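Biologist: I would like to go through this structure with you, question by question. Could you show it first?

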Amino acid sequence: MSDFEDGRGGRDDPAEYERYPEYEEYDEYDGGDGRRVGRAPMARGRRLRLSLGMAGGFAAAGYAAYLLLSSGSAPSTPPTATVAGQAAGSDNGAPGPSPVAQQAAQHTTQAFLGDWQAGDYTAAAKLTDSPSAAGKALAAYRSGLDLKSLSIKLNSTDSFGASVFSVSATVRSGKLTGVWHYTSQLQVYVGPSGPVVQWQPDVLAPNLGEDMTLGVQTVDPSGGEVTDAKGGDLSQASDPGVQRIASMLAGAADAGQGGGTPGLDVVYTDADGEAGDTQPSVVTAPAAKNLATTIDPTVESAAVSAVARQSQSSMVVLQPSTGHILAIANNDGQNDDALTAQIAPGSTMKVVSSAALLNQGMSMNTDVACPSAYTVTGVTFHNSSGESESAGTPLIEDFAASCNNAFTTQYQKLSDGTLAETARTYFGLGAQWDIGLGQGTDYFSIPPAAEDSELAAESFGQGVIQTNPLAMASVAATVDTGVFRQPILLPGAHQVSATPLPSSTASQLRSMMHAVVSYSDGTAHKVGFGSDVYAKTGTADHGAPGTAADSWMIAYDPQKDVAIACVVLNGGFGDEAAGPLVKSVLNAL
């Protein structure tokens, strides 16, 4: 059987009928002005007995199948309806339809509703005074709603032949389904051949008029908020960077891109297919979900408190195992330097330079001299405070002490695009990242094939390299796990991939970053991180006269699954300004 299971017996089973005695019952009929205008005889007809105990089936015969139809208790004040023309005739004086006895009206109504529910529109239409119009309307009702199933219950029939009934129609739009619940009514009167349903389009649904059709449309969820990972409203965040993110994502949240469930509406359209004046009827309301970001409120609070200790400071905290951005914090007016700064990374870039050297066969124990001054194509590079390291100094000690010329002297090993290729291939730097804001962005810029003095400057994070804390936090995170995972703000967002670091390179980089913290001459030793932290300081000149260098620190703690980058503009040495801010966050976690 179809969705509309018939389940009916023959329509002429005599066992289901009892003849009414001809004109045996009468109802007095009031013309509306207090006059008794006559006693309306009940038309000859057959009285149907409901067959009890049928689950979803019809009585075996009668006007039509009953299919779960049952007459409810009449309300204390039954609904009224005026029979067209009344018994005294129509407005133009011609004879009008006659009133019908309540029981006959109820039986006719049950038969009509049963046939409608069963999908037997021909039988249902024949019980009306306009079979052609009713049949077309019933078929249009089913097709327009893409009807899956239908359940109708007769609620009451009054003494004037007016019936109220409830409809539960399971409608569809694509793969979505919903149940449209509503109440309608109809009028039965005595026509030339007996009781009939007075046909009106709004019998099928309230407010359905001539030449109108019903349809079903999907309603997308809307009204979601942008939240942190725990459901907090990011629009209330104090940090300008987080506010910017909330603002940029607000449209996506309102459009329901945070998820949720679409709704269904039944819509009324006119003959031209245009929406009429009748408002859509809500079948199921759309349910929007908030757009949850990866921002962790605990980590965010710690980062905001940290940068509050230094003006012109910015910080990003990542989760290395996922690439999730856990915190963004800025204390530089309304600037969002954490994501948008375009500044040199200073010696934090030595992590990438060291990876390029290690990949070419050097090891952290390779002896590399660090002269106090070194000249490349007419440009002389000086170490900070004239420091130097002897020719027998292993690379790991040069790295821990952050001696610049141990790297400038190796610039030729970084030529032919090796440095830029290493940055992109293993650290994802130079590729466009869409962190969840709907647009790819360059968070790191380096010439693809710098040479000579420019390349020597880039080897320790100067020259024309431009970046920000987001990118450099990712460098630390990549060393932690050995695999680049692009930073993202939305869980499940697409992440640009990169080649995993060779295991030997990753292992040695970890040892070198740990030496920065643990060696007595390591540049982060005085910060007091503790043995679980791996770090690299940076001090980046920016050329502004009379100002100190930018202070950088990148670090990660594998036990806490966090990686951090912090910069303090004009802050001086990395361990003096940025280092304590990073330490305060790690301590808070």
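Modeller: Keep in mind that this is a predicted model. C370 has a relative accessible area of 0%, so C370 is buried.

Biologist: Which cysteine forms a disulfide with C370, and how far apart are the sulfur atoms?

Modeller: The count for the structure is one disulfide. The cut-off is 2.5 Å between cysteine sulfur atoms. C370 meets that cut-off with C403, at a sulfur separation of 1.8 Å.

Biologist: Is C403 buried or exposed? And C566?

Modeller: Buried means under 20% relative accessible area. C403 has 0% relative accessibility, so C403 is buried. C566 also has a relative accessible area of 0%, so C566 is buried.

Biologist: How many of the 10 residues of helix 7 are buried?

Modeller: The buried residues of helix 7 include K350, V351 and V352. S353, S354, A355, A356, L357 and L358 are buried too. Helix 7 is largely enclosed by the rest of the structure, because the buried count out of 10 is nine.

Biologist: Which residue just after helix 7 takes a positive phi?

Modeller: The phi in question is about 110 degrees. The residue that takes it is G361.

Biologist: What volume does the largest pocket have, and which residues lie nearest its centre?

Modeller: The volume of the largest pocket is about 650 Å³. Strand 19 (379–382) and strand 24 (534–540) each give two or more residues to its lining. The lining has 29 residues, and those nearest the centre are S384, E387, S402, T539 and F573.

Biologist: By class, how many residues of the lining of the largest pocket are polar?

Modeller: Five residues of that lining are nonpolar and six are charged. The polar count is 18.

Biologist: Which residues touch the most other members of the largest nonpolar core?

Modeller: In soluble globular proteins, nonpolar side chains tend to be buried together. The largest nonpolar core here has 115 residues. Its largest share, eight residues, comes from helix 12 (residues 469–481). The members that touch the most others are M315, V317, F427 and F529.

Biologist: How many residues are in the other core, the one with A105 and A124?

Modeller: That core lies apart from the largest one. A134 and V188 are also among its members. Its size is 40 residues.

Biologist: Which residue forms a salt bridge with R172?

Modeller: A search of the whole structure finds two salt bridges. R172 is in strand 6 (residues 162–173), and its partner is in the loop between helix 3 and strand 5 (149–157), 26 residues apart. The closest N and O atoms are 3.5 Å apart, and the partner is D146.

Biologist: Is R172 buried or partly exposed? And D146?

Modeller: The relative accessibility of R172 is 24%, so R172 is partly exposed. D146 has a relative accessible area of 35%, so D146 is partly exposed.

Biologist: In the salt bridge of R244 and D336, what is the N to O distance?

Modeller: R244 lies in helix 4 (residues 240–254), and D336 in the loop between strand 17 (324–331) and helix 6 (337–340). R244 is partly exposed at 30%, whereas D336 is buried at 6%. Their side chains meet with an N to O distance of 3.3 Å.

How values were computed
Residues are numbered from 1 along each chain as its sequence is written. This is a predicted model: local features need pLDDT of at least 70, side-chain atom pairs count only at pLDDT 80 or more; totals for chains, interfaces and linings use all residues. Side-chain values use heavy atoms; hydrogens and water are left out. On a 1 Å grid over the protein atoms alone, a cavity is a set of points where a 1.4 Å probe fits but cannot get out, and a pocket is an open set with protein on both sides within 12 Å along at least five of seven lines; lining residues have an atom within 4 Å of a point. Grid points are joined across faces, edges and corners, and a volume is the space filled by probe spheres set on the points. Helices (H or I, at least four residues) and strands (E, at least two) are DSSP runs, numbered from the N terminus. Ala, Val, Leu, Ile, Met, Phe, Trp, Tyr, Cys and Pro count as nonpolar, Asp, Glu, Lys and Arg as charged, and the others, Gly among them, as polar. A nonpolar core is a set of buried Ala, Val, Leu, Ile, Met, Phe, Trp, Tyr and Cys residues joined through side-chain atoms within 4.5 Å. Buried means under 20% relative accessible area, exposed over 50%, partly exposed in between (1.4 Å probe, protein chains only). A salt bridge is a side-chain nitrogen of Lys or Arg within 4 Å of a carboxyl oxygen of Asp or Glu.
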